[in-house]
Amino acid sequence: MSKRYLIVPQPKTDESLAGYLQRLSIENNYDSVSWIYNDLGFGLISNLNIYYHFYKQNILKKLIELTGLTKESILKMTYWYELGDIYNGDSYFQNYLRKRFSRFSSYNIIGVCPVCLKEDQYVRKIWELSLYKICYKHNCHLIDSCPNCYQPIMLTNSTEKCKCGFIYTTAKPIFVNKKENQVGKFLYCLIYEKKENLSSGNILSKFNLKVFIFLILYFSLKIDSTKFHSKLSYNTINKAFKIFETWPYGFYDFLKTYRKSKKLNFGGPSAFSSVYMDIYKKFKYEDELNFILTSFEEFLLYEMNEGVLLRKTNPKLINKNLKWLSKYSASKYLGVTMKTVNLLVEEKNIETRITSNGRKDVVQINFQRLIKLIEAKSNMIPAYSAAKLLGISKKLLLSLVKAGILNKIREGEKSYFDLRKIEMLLDTFENTSKKKKSSGKDLTKFSGACKVGLDNKPGLINIITYVLQNKLTPILIKKNAVGFNKYGFYKSDILNVHKQESSKTSYFSIYAVSEKLNIPSYYIKFLVENNYIESLMINNRKMITEESIKEYSRKYITSLELARKFNISATKIKKIVLENKINPIVNFPIQKVLIKRPPPSVYVIDDIMSAFIYNYSNLYNPKNVLKEK
C-alpha cells in the first residue's frame with residue numbers, strides 16, 4: 001500500500017488508540033473518523049476491540065503502513081500488553097473477560113475527565129475501562145454524557161464538544177475524597193506501572209491488571225447480578241473492591257450477604273450457589289486464584305464449627321482443623337449408614353453437640369473424636385472373637401466395657417471391640433504373672449478368684465483392676481489355656497488386697513441401704529434411679545457410698561419415715577400436707593406387690609418438718625421419734 005497520511009501526530013504517553021485515530025482524522029481534515037476505519041478495513045469499533053482483529057485482518061500491518069508508527073508504539077495505546085489476546089486466548093481469565101467484554105470496556109461510549117481535557121485535548125487510554133469512574137489525578141467523576149443535552153459522549157464524535165455545542169472542558173467537575181477513589185488508583189498504577197504507590201496491605205496489589213479487572217468484575221457481578229446492565233455502578237464496584245481491603249474478613253462478609261440474598265440460610269457449601277461451583281471447578285486451577293479457594297475453605301470450616309452450616313458437607317472440604325460436622329457428613333466420612341451413626345451417638349462413643357439452624361435443633365459430631373474412632377475401627381474385632389480371646393462370656397465382656405477397661409463400637413446389631421486394648425490387657429497379665437510354686441487350697445482359678453469371700457466379693461472388674469494396678473499378681477497355672485483361664489490367684493492375696501481397697505471407701509448395695517434406713521428395697525431402687533441417692537457401678541452392680549446416704553438423709557424424707565417419726569397414719573400425713581400446700585418432689589409408682597396402703601412420697605425435709613413441728617405439735621410424740629439418721 002503506497003498511500004500514507006500527510007500528517008501523523010506522535011502518540012501521547014497515555015493515549016487511547018481509538019482517541020489517537022480520532023485525532024489523526026482531525027489533523028488530516030477528515031470529516032469523520034469513519035474514513036480512517038474504512039482505510040483500515042473495519043467498521044466503527046472501540047479501542048479495546050481494535051487489537052483483537054489486528055492479526056486476523058492484518059489491521060496492524062495496514063496501520064503501520066498508513067502512519068509509519070512502530071508496532072510497539074501502536075500496541076502500547078491498546079491493552080495488548082496488559083490483557084493479552086482475549087479473543088484467541090484459552091485461559092480462564094481471557095475467556096471470562098471476552099464473554100463479559102461490555103461490562104468492563106466502554107465500547108463506543110466513553111467517560112472523560114473535564115479537568116484532564118482542559119490540560120490537554122486527547123482521549124486517555126484508561127478512560128476506555130468502564131470500571132474507571134473517577135479520575136485518579138484530579139479525584140473528580142468522569143462524565144459520560146453531555147451536561148447540557150444528556151447525549152452520551154461517543155468515541156466516534158468529538159471529545160472536545162458535543163453536537164449541541166457544549167464544550168466538555170466547561171463542565172463543572174464533581175470532586176470526591178481521595179480515599180474514595182481506590183479503584184481508580186489501582187487501575188492507574190497497574191496500567192502505568194506504578195505499583196510502588198499501592199498499599200501492600202491490600203491483597204490486590206500483588207496482581208497484574210488482568211487479574212485485578214477479573215476480580216473486581218467477578219465480585220461486582222455477584223453483588224449486582226442484573227443481566228441487562230451493560231455498565232456497573234460506582235457503588236457496586238466499590239463494594240467489590242472493599243472485599244479485598246480487609247481480606248479475608250471482607251470476603252467472609254460477602255459470602256454471608258450472598259447466601260442471605262439467595263435465601264439459603266442453612267445447608268452445606270452448595271448454599272453458596274455459583275460461587276461454590278466457580279471456586280471448585282475453575283478457580284482451583286488458576287494459581288492467582290488459589291488464595292480465594294483457601295479462604296473459602298477456612299470460612300466453611302469456621303461456619304461448620306460455629307454450627308451455621310449444618311447439613312451436607314463435601315467430604316473433600318474436611319480437614320484436620322474441622323471441629324464439628326453433621327451426622328450425614330460423618331456417615332459419608334466413615335462409609336457407614338445413618339443408622340450406624342445414630343447408634344454411635346446413642347451409645348456416646350463420639351462426642352456430640354446440639355445446634356440450631358433457625359428451624360430445628362441439629363446434632364453435630366466432634367470431628368477429632370471421629371478420627372480417633374476411625375483409627376480404632378481398623379483394629380476392631382467382633383464380640384464372639386473378643387470373648388474367645390479373653391476366655392470369658394459375652395456378658396462379662398460387656399461388663400469390662402462398662403467399667404472402661406475395653407472399648408466397643410456398634411454397627412447395626414453387631415458389636416466390635418478394640419483388639420489393641422485386649423492385647424494390652426493380656427500382655428499385662430503375661431508380663432506380671434509368676435510361675436506356680438506350690439499347689440493347694442489357697443490357689444484358685446481365675447473364675448474362682450472373682451468369687452473369693454462371702455459378703456463382699458471382689459468380682460471380675462476388681463480382680464482385673466488389681467492386676468493392672470500391680471496390687472495383685474496372677475499365677476500361671478495352664479500354659480495352653482485361653483485368655484484369663486491361663487492364670488490363677490492365691491486366695492490370701494485376693495482377700496488382703498480387696499480388704500485394703502474396700503476399707504478406703506464404704507460401699508453398700510441397695511438391699512444394705514434399705515436395711516440401714518429401714519425402708520423397703522424397691523423404695524431405695526426408685527430413689528437411686530431418679531438420682532435422689534447417688535450410686536456407682538461396681539462389678540456391674542449399683543453401689544452407694546456412706547456419703548451419698550448421709551446427703552440424702554440431710555435433704556429428703558419419705559412419707560413412710562414421717563409416719564414412723566410422728567407415730568401417725570399415712571391418711572393424716574396426707575391431710576396435713578394438703579392443708580399446708582406442700583407438694584412432694586416425687587410420688588412413688590404403685591407396685592403390684594405392694595400392701596394395701598398408699599405409696600409414700602418424697603419431700604424436702606426442711607419444708608415438711610417445719611409444717612409438722614410448729615403447726616401440729618400435738619401429733620408429735622417424742623417417745624416414738626426415731627433416732628436422727
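Which residue just after helix 26 takes a positive phi? In this predicted model, in which local features need pLDDT of at least 70, side-chain atom pairs count only at pLDDT 80 or more, and totals for chains, interfaces and linings use all residues, asparagine 531 is the residue in question, with a phi of about 65°. Residues are numbered from 1 along each chain as its sequence is written, and side-chain values use heavy atoms, with hydrogens and water left out. Helix 26 itself spans residues 521–529, and its buried residues are Tyr523, Ile524, Phe526, Leu527 and Val528, where buried denotes a relative accessible area under 20%, exposed one over 50%, and partly exposed a value in between (1.4 Å probe, protein chains only). An α-helix has 3.6 residues a turn, so residues three or four places apart point the same way.

The secondary structure of the protein comprises 30 helices and 16 strands, both taken as DSSP runs numbered from the N terminus (H or I and at least four residues for helices, E and at least two for strands). Of the 629 residues, 48% count as buried. The protein exposes about 34200 Å², of which carbon and sulfur atoms supply 50%; accessible areas come from the Shrake-Rupley method with a 1.4 Å probe, and for residues only the protein chains shown count as cover. Among contacts (heavy atoms within 4.5 Å) with a separation of 6 or more, 63% are accounted for by residues 24 or more positions apart.

Arginine 23 is placed in helix 1 (residues 17–27) and counts as buried, at 15% relative accessibility. Leaving aside neighbours within four places in sequence, arginine 23 is in contact with Pro9, Gln10, Pro11, Lys12, Glu15, Gln121 and Tyr122; the C-alpha atoms of arginine 23 and proline 9, which are 14 residues apart along the chain, are separated by 8.1 Å. Asparagine 139, by contrast, lies in the loop between helix 9 and helix 10, and with a relative accessibility of 13% this residue also counts as buried. When residues up to four places away in sequence are not counted, asparagine 139 touches Ile134, Ile174, Phe175, Val176, Lys178 and Asn181.

Salt bridges were assigned where a side-chain nitrogen of Lys or Arg lies within 4 Å of a carboxyl oxygen of Asp or Glu, and the count by this rule comes to nine. In one of these, the side chains of glutamate 82 and lysine 125 meet at 2.9 Å, N to O. This pair links distant parts of the chain, 43 residues apart, with glutamate 82 in helix 6 (residues 80–83) and lysine 125 in the loop between helix 9 (114–119) and helix 10 (182–191). Both partners are buried, glutamate 82 with a relative accessible area of 19% and lysine 125 with one of 3%. A further salt bridge is formed by lysine 222 and aspartate 278, whose closest N and O atoms are 3.9 Å apart; here too distant parts of the chain are linked, since lysine 222 belongs to helix 11 (residues 209–223) and aspartate 278 to helix 14 (residues 273–281), 56 residues apart. Aspartate 278 counts as buried, at 10% relative accessibility. The side chains of glutamate 547 and arginine 554 likewise meet in a salt bridge, at 3.5 Å, N to O, and salt bridges that share partners join Glu547, Glu551, Arg554 and Lys555 into one network. Two packed helices are described by the angle between their axes and the distance between the axes; the axes are lines fitted to C-alpha atoms, for helices over the stretch in contact, and angles run from 0 to 180 degrees between N-to-C directions. Helix 11 packs against helix 12 (residues 234–245) at an angle of about 115°, with the axes 8 Å apart, and the crossing is right-handed. A crossing is termed left-handed if the near helix is turned anticlockwise from the far one by less than a right angle, and right-handed if clockwise. Phe212, Leu215, Ile216, Phe219, Ser220 and Ile223 in helix 11 meet Thr236, Ile237, Lys239, Ala240, Phe241, Ile243 and Phe244 in helix 12. The residues of this contact divide into 10 nonpolar, two polar and one charged, with Ala, Val, Leu, Ile, Met, Phe, Trp, Tyr, Cys and Pro counted as nonpolar, Asp, Glu, Lys and Arg as charged, and the others, Gly among them, as polar.

In the second pair, the axes of helix 21 (residues 419–432) and helix 23 (residues 459–468) come within 10 Å and cross at roughly 65°, in a left-handed crossing. Leu425, Thr428, Phe429 and Thr432 in helix 21 meet Ile464, Val467 and Leu468 in helix 23, and by class this contact has five nonpolar, two polar and no charged residues.
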